Amino acid sequence: MKIFISSDMEGTCGIVDWQETDKGKDLYERFAAQMSREVAAACEGANAAGADDILVKDAHDSARNIDASVLPLNARIFRGWGRHPYSMMAGLDESFDGVVFTGYHSAAEMDTNPLSHTMNLGNNYVKINGELCPELMLNSLTAAYLGVPIYALTGDKGLCDWMKARCPGTTVIPVSEGVGAGSVSIHPALAVSHIREGVEKAFSAKREECMFPLPERFVVEISFKEHFKAAGAKWYPGCEQTGARTVRFEADDYMDVLRFIYWVL
């Protein structure tokens, strides 16, 4: 069984401030270590369920956060950015049997994580087909585009609830809950334990139950924080500026959406 793990950081247990997620800043090393432990736990859970090959995509900021030495020997790690429209899913293809997301966070304009955002801090929101779009949605659609199911997700409770409503077969493992500018987290060691156990159990689900729904058509809307970014985005082929700070893009092929996001967002 071949498994792909995409790992972000703002949904890691205990994180509540940007200083804890930025390399070189206060407490970063502590939380990078927790991120690494959570990824290792997901790998161990996948191995217990029968995985023999795991590819981990370090998908936060510099993409150089995970301590690979704590991962099991059958885990490979993709560090750095591949300059590919798959972005946080770079390395995934149709040969994989399943995807696990760790450390994921709520979308821009969701109030369920103090660090809620979508891809960067330059937008007010991203929507697909009228729905607020977290990074999880972009990446789950990439998996669906390639025919790969999503077996498990770890992160903040708001995002876990969001995922459960859209792909009920996916196992969700909340490790924190956003409260205004704060967050209530479980013990970091308990998070590691829950992730290992949850990921192992997740693979007992049927493949079809864990397939994220893929629409036939995509309407993408981005609201930028700065008006001149919308003015620049309108020059992307097929992109329409709809307001001082908003643009719209439509496509039938999700790969066209990913190219648009890659160059415009």
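**Contacts, a hairpin and a helix**

Reader: Which side chain does arginine 248 join by a polar contact of 3.0 Å?

Author: The side chain of glutamate 250 is joined to that of arginine 248 by a polar contact of 3.0 Å. A polar contact is a pair of N or O atoms within 3.5 Å; within protein, one must be able to donate a hydrogen and the other to accept it, and residues adjacent in sequence count only if both atoms are side-chain atoms.

Reader: Where do these values come from?

Author: The model is predicted: local features need pLDDT of at least 70 and side-chain atom pairs count only at pLDDT 80 or more, while totals for chains, interfaces and linings use all residues. Residues are numbered from 1 along each chain as its sequence is written, and side-chain values use heavy atoms, leaving out hydrogens and water.

Reader: Where is the place of arginine 248?

Author: Arginine 248 is in strand β12, residues 246-251. Strands (E, at least two residues) and helices (H or I, at least four) are DSSP runs, numbered from the N terminus.

Reader: What about histidine 117: buried or exposed?

Author: Histidine 117 counts as buried because its relative accessibility is 6%. Histidine 117 is found in the loop between β4 (98-104) and β5 (123-128). Its side chain makes a polar contact of 3.4 Å with that of histidine 105.

Reader: Which residues does histidine 117 touch?

Author: Not counting residues up to four places away in sequence, histidine 117 touches Glu10, Trp18, His105, Ser106, Ala107, Ala108 and Glu135. Contact here means heavy atoms within 4.5 Å.

Reader: A change of topic: how do β8 and β9 pair?

Author: Strand β8 (residues 171-179) and strand β9 (residues 182-185) pair in the antiparallel sense over four bridges. Two strands pair if DSSP finds at least two bridges between them. The two strands form a hairpin with two residues between them, and glycine 180 in the turn has a positive phi of about 60°. Valine 179 has glycine 182 in β9 as its bridge partner.

Reader: Why does the span of helix α1 agree with what it should be?

Author: Helix α1 (residues 28-48) has 21 residues, which at 1.5 Å a residue should span 30 Å, and its end C-alpha atoms are 30 Å apart. The expected span is 1.5 Å times one less than the number of residues. Glycine 50 follows α1, with a positive phi near 115°.

Conventions:
Buried means under 20% relative accessible area, exposed over 50%, partly exposed in between (1.4 Å probe, protein chains only).
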